[in-house]
Amino acid sequence: MASQEEVFKKLVSHCKEYGFVFPSSEIYDGLGAVYDYGQNGVELKNNIKKYWWDSMVLLNENVAGIDAAIFMHPTTWKASGHVDAFNDPLIDNKDSKKRYRADVLIEELLAKYDEKIQKEVDKAAKRFGESFDEAVFRSTNQRVLENQSRRDEIHARFVKALNESDLAGLKAIIEDYEVVCPISGTKNWTDVRQFNLMFSTEMGSTSEGAMKIYLRPETAQGIFVNYLNVQKTGRMKIPFGIAQIGKAFRNEIVARQFIFRMREFEQMEMQFFVRPGEEMQWFEFWKDRRLKWHKALGLGDHKYRFHDHEKLAHYANAATDIEFELPFGFKEVEGIHSRTDFDLGSHEKYSGKNIKYFDPELNQSYTPYVVETSIGLDRTFLSIMAAAYTEETLEGGDRRVVLKLPPALAPVKAAVLPLVKKDGLPEKAREIIDNLKFDFKCVYDEKDSIGKRYRRQDAIGTPFCITVDHQTIEDNTVTLRFRDNMQQERLPIDNLYSIIDGHTSMKQLFKKLL
Ligand code: GAP
């Protein structure tokens, strides 16, 4: 069986070969951690956006959308804390000259202890069979206890160093536990330094005194500075939310793992404004709602878990991640944060403007508290692709690669295939597309054998292939092939709409959310 690393490599090349994701400016050898979406990738991405947007703005009367500019007044980022605190701790290996995030090196060290413990547990479970009691084993086995105690010790030091921004403390962990550079294999490390992740550029001509501005590192601030505009013009009453989809930019130190960590990426964020003191109840509400949104996709409930933050960001009083099991482990796809009144309070202070909300029910003004849901579009795309990518051996030994994408998100919903390129079959196929194309993205394909054409559609996750043959001309019936089980059904052309709609409509997903 292929290792997870091999599966991931195959997924990356599949994304390129089938027009999902290309390295940016590839003819110039690419640009680190920047990617372009191809003809199928952009359709999948747009469908994910629609699923998210409608789940927020269509299904919730009290959530409205906006589209704020990427450039914002530079004081925004001073007020939000990003100028002073949006840093990652970086460390270099002097021999390989490779740069790492010190916190990631330590997280990987912790994961190694978890793996060691899990291996012991798995071995024992095999040995003892049915009678195995994992809790007893974990609390009595000497090797497990030693590893667990070492892990707890590192973890406690790690959390303390992060919370105290103690860079020397982070380095000491790396040294004390003999973390080596995966490239050089040496422990020859520099000190840990803070590195601000924001990209900056200049606005205005230099002669008139250009202003240093930032490319936004999160979309959220565009919502905060507009919240009263939306509240007043939309006559919104607390609790209410504002949703936005847009690009964000971060000068990531270590940009690996394909589109998982990019320097230019897209976020889908929703800020929910609540009464002070009610934020924890809304935090729980949105945790539940967001997990349902993910699970409704049908990629496997066991692939998701919550992970509470070790260190709360400067603005949060509670924070958790929704993690998804990717080929390289459970990784963050979405963050849910209780941001208190930090951002609005700070913007009020820096701008000198009163941006308090007047609550007509309480007859008082206050700065709302905010619960935020923040999901990475590219990471969602990657999770869906990774879960959908399937290699199958068919009867007779043939192999196929099929993307078992949720049908509502598939880039192409139906491919229409004339069996031969003559006898009026192409014209009939075009006629079918002309009737379906107002509702579904369809493609026409007449090249190669029908088997090869099916494989091409499987590889991009098309839920339906419609084959037009000589019988179609006689009785207006076609063969409909289902992607996942490859079953075929003969049916009248008039039935196509309702079958395709029944399987691919986003309504099926939305109904699972409420
Ligand atoms: N407004 C809150 C915020 O930005 P975050 O946890 O830093 O929180 C939210 O980012 C989400 O954005 C993450 O869960 C992740 O999915 C996505 N994200 C963050 N950095 C990313 C990067 N460099 N590349 C791709 N996605 C990223």
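## Where α5 touches α8

Let's start with a helix pair: Ala-102, Leu-105, Ile-106 and Leu-109 of α5 meet Leu-170, Ile-173 and Ile-174 of α8, where contact means heavy atoms within 4.5 Å. Sorted by class, this contact has seven nonpolar, no polar and no charged residues. Here Ala, Val, Leu, Ile, Met, Phe, Trp, Tyr, Cys and Pro count as nonpolar, Asp, Glu, Lys and Arg as charged, and the others, Gly among them, as polar.

Before going on, a word on the model: it is predicted, with pLDDT of at least 70 needed for local features and 80 or more for side-chain atom pairs, while totals for chains, interfaces and linings use all residues. Numbering runs from 1 along each chain as its sequence is written, and side-chain values use heavy atoms, leaving out hydrogens and water.

## How α5 and α8 cross

Helix α8 covers residues 167–176, and its axis is 10 Å from that of α5, at an angle of about 40°. Axes are lines fitted to C-alpha atoms, for helices over the stretch in contact, and angles run from 0 to 180 degrees between N-to-C directions. That angle makes α5 oblique to α8 (under 35 degrees is roughly parallel, over 145 roughly antiparallel, 65 to 115 roughly perpendicular, and the rest oblique). The crossing is left-handed, meaning that the near helix is turned anticlockwise from the far one by less than a right angle.

## α5 has another partner

Helix α5 (residues 102–128) also packs with helix α7 (residues 142–163), at about 160° and with the axes 10 Å apart. So α5 is roughly antiparallel to α7. The crossing of α5 and α7 is left-handed.

On the α5 side, the residues taking part include Asp-103, Ile-106, Leu-110, Tyr-113 and Glu-120. Across from them, α7 brings in Arg-143, Val-144, Ile-154 and Phe-158, among others. The contact of α5 with α7 divides into nine nonpolar, three polar and eight charged residues.

## Helix α12 and its surroundings

Over in helix α12 (residues 342–351), the buried residues are Asp-343, Leu-344, Ser-346, His-347 and Glu-348. Buried means under 20% relative accessible area, with exposed over 50% and partly exposed in between (1.4 Å probe, protein chains only). These buried residues pack against α3, α9 and α10, and also against the strands β10, β13 and β16. After α12 comes Gly-352, with a positive phi near 75°.

## A buried arginine

Arg-453 sits in helix α15 (residues 450–460). Its relative accessibility is 1%, so Arg-453 counts as buried. Setting aside neighbours within four places in sequence, Arg-453 touches Leu-417, Pro-418, Leu-419, Asp-445, Glu-446, Lys-447 and Asp-448. Val-478 is 25 residues from Arg-453 in sequence and 16 Å away in space, C-alpha to C-alpha.

## Cysteines

There are zero disulfides here, a disulfide being a pair of cysteine sulfur atoms within 2.5 Å. For Cys-15, the nearest cysteine sulfur belongs to Cys-465, 20 Å away. Cys-15 has 1% relative accessibility and therefore counts as buried. Cys-181 is likewise buried, at 1% relative accessibility.

## The whole protein

Stepping back, the protein has 18 helices and 23 strands. These are DSSP runs, numbered from the N terminus: H or I over at least four residues for helices, E over at least two for strands. The C-alpha atoms fill a box of roughly 80 × 65 × 55 Å along the principal axes.

Of the 514 residues, 50% count as buried. Looking at contacts between residues at least 6 apart in sequence, 66% join residues at least 24 apart.
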